[in-house]
Every structure is written in structure tokens, then in C-alpha cells.
Amino acid sequence: VVPQRVLAERPFSIDGRATKTRDLLVKWRGRPYDESSWEREQDLDRCGTQFREAFDERERRLRAAYLPL
């Protein structure tokens, strides 16, 4: 199964301590949204970066649209 896009992200923590790693909520290609799953960012490195770059770009656009003037 191949990742289609990243829906959300959250910091990964161990015993309540934040780490440099993030978890990504991944929508899988060909699967319904209710089968999306949280995956460690480094585990997805082998899948390529296109879907992650698309998420980052969308987040930049949203932040720019909602920044107070």
C-alpha cells in the first residue's frame, strides 16, 4: 500500500517527553479515510517525499491565509 497524502501531524513522545520525531496521519491510496493511520515520519522516508511535500505546501498556504494582518 502506498501513501496518498498526509492528513495531520503530531509530535511523537516517549513517556511524555517530546522527541524530534513526528507522527503523520497517512491516507493510504485506494483505502477509505477510516483506514488512515498514524505512522512515524522516518518509517515513511522510503516511500518518497511527494506526499509529504504536498502536505507542507498546503499547511503553508493555510497559515498564510489565516495570518492576521
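E9 stands opposite L24, a residue of strand β2. That pairing is a handy way into this fold, which is a predicted model: local features need pLDDT of at least 70, side-chain atom pairs count only at pLDDT 80 or more, and totals for chains, interfaces and linings use all residues. Residues are numbered from 1 along each chain as its sequence is written, and side-chain values use heavy atoms, with hydrogens and water left out.

Let's start with the overall layout. The protein has 1 helix and 3 strands, and from the N terminus on they come in the order β-β-β-α. Here helices (H or I, at least four residues) and strands (E, at least two) are DSSP runs, numbered from the N terminus. The C-alpha trace spans about 40 × 35 × 25 Å along its principal axes.

Now for the strands. Two of them count as paired if DSSP finds at least two bridges between them. Here are the pairings.

| Strands | Direction | Bridges |
|---|---|---|
| β1 (residues 3–14) and β2 (residues 17–28) | antiparallel | 9 |
| β2 and β3 (residues 37–40) | antiparallel | 4 |

The hairpin of β1 and β2 has 2 residues between the strands, and D15 takes a positive phi near 50° there. Over on the other pairing, V26 stands opposite S37 in β3.

Next, the inside. Buried means under 20% relative accessible area, exposed means over 50%, and partly exposed is in between (1.4 Å probe, protein chains only). Of the 69 residues, 23% count as buried. A nonpolar core is a set of buried Ala, Val, Leu, Ile, Met, Phe, Trp, Tyr and Cys residues joined through side-chain atoms within 4.5 Å. The largest one here has 6 residues: V6, L24, V26, W28, L44 and F55. Strand β2 gives the most to this core, with 3 residues. As for F55, leaving out residues up to four places away in sequence, this Phe touches V6, L7, A8 and E9. Contact, by the way, means heavy atoms within 4.5 Å.

Why does R52 count as buried? Because its relative accessibility is 10%. R52 is found in helix α1 (residues 50–66). Setting aside neighbours within four places in sequence, R52 is in contact with V6, E9, R22, L24 and E41. R52 and L7 are 45 residues apart in sequence, yet 9.6 Å apart in space, C-alpha to C-alpha.

Not counting residues up to four places away in sequence, E41 touches R22, L24 and R52.

What about charges over rings? R10 lies over the face of W38, at 4.0 Å from the ring centre, while the charged end of K27 sits over the ring of Y33, 5.1 Å from its centre. The test is that NZ of Lys or CZ of Arg is within 6 Å of the ring centre and within 35 degrees of the ring normal.
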